[in-house]
Amino acid sequence: MTEVSRKLEPGRLVIASHNKGKIREIAALLGPHGIEPVSAADLDLPEPEETGTSFIDNADLKARAACDLSGMVALADDSGLCVEALGNRPGIFSARWALNGNSHVPPEDEPGHVEGDRDFMRAMQRVHDEIQALGPEAAENLNAHFVCALAVVWPDGHSEWFEGRVDGTLVWPPRGTNGFGYDPMFVPAGHDQTFGEMDPDAKHRISHRADAFRKLVEALF
């Protein structure tokens, strides 16, 4: 990425997401900087096909689509859980692992839009089952990390990217009803509670999303 040459001004910013939990976290992180988040859902913007091969690729294409359709500066987040025993899967396919039983689950080499409702209890069960299927030795390796990639795109096409990470371990069964996604099965390093058990403010201080946003705030504000 080239050196940052512009700043984000206070005001409305399109958040290229339909995920209410993700939008709440982003709003909490950007609110102190005078940003008024407007979700893609609020603007009836469609979710583009996530055809990228990395978190940064998918964040950029989502932000670019929202920017093009709204004419406003747009920010997108692409994030996922990477499990060491599973070769860092589900990774960029984390949301697809949550497709409900009535939906088509595309092969992992088949990029495309996620169709149908997302059931993250089902996704967490799949992570657990696939680790167990590898045998006792693999099942002892519960190391995992979350990655968050952020992309900000301006109407003239300029873009900036930032990536954050938090390491931890997995637990089973899932614990806690806070957070969203895979949070109830992930314990960040140095802590005893899962993200699903943590107070949201505590999670915001240490999460992969918070790490990425610290970098964004330092650069763009």
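Let me start with a hairpin: strands E5 and E6 have 5 residues between them, and Gly157 in the turn has a positive phi of about 95°. Strands here are DSSP E runs of at least two residues, helices are H or I runs of at least four, and both are numbered from the N terminus. Before going on, this is a predicted model, where local features need pLDDT of at least 70, side-chain atom pairs count only at pLDDT 80 or more, and totals for chains, interfaces and linings use all residues. Residues are numbered from 1 along each chain as its sequence is written, and side-chain values use heavy atoms, with hydrogens and water left out.

Back to the strands. E5, residues 143-153, runs antiparallel to E6, and 11 bridges join them; two strands pair if DSSP finds at least two bridges between them. His145 has Asp167 in E6 as its bridge partner. On to E7: E6 and E7 are also antiparallel, joined by 3 bridges, and Val187 in E7 stands opposite Thr169.

Now the rings. Rings of Phe, Tyr and Trp (its six-membered ring) pair if their centres lie within 6.5 Å; planes under 30 degrees apart are stacked, over 60 edge-to-face, and the rest tilted. That rule gives 4 aromatic pairs. One of them is Phe120 with Tyr182, edge-to-face, at 5.4 Å centre to centre and 80° between the planes. Phe120 belongs to helix H3 (residues 120-133) and Tyr182 to the loop between E6 and E7, 62 residues apart. Tyr182 counts as buried because its relative accessibility is 4%, the cut-offs being under 20% for buried, over 50% for exposed and partly exposed in between (1.4 Å probe, protein chains only).

Phe186 and Phe195 are tilted, because their planes stand at 45°, with the centres 5.4 Å apart.

Lys203 lies over the face of Phe195, 5.3 Å from the ring centre. The charged end of Arg126 is over the ring of Trp97, 3.8 Å from its centre.

Last, which residues lie nearest the centre of the largest pocket? They are Asn19, Lys22, Ala95, Arg118 and Phe120, out of 42 lining residues. A pocket is an open set of points on a 1 Å grid over the protein atoms alone, with protein on both sides within 12 Å along at least five of seven lines; lining residues have an atom within 4 Å of a point. E3 gives the most to this lining, 5 residues.

Note on methods: 1 Å grid on protein atoms, 1.4 Å probe; cavity = no way out; pocket = protein on both sides within 12 Å on 5 of 7 lines; lining within 4 Å. Lys NZ or Arg CZ within 6 Å of the ring centre and 35° of its normal.
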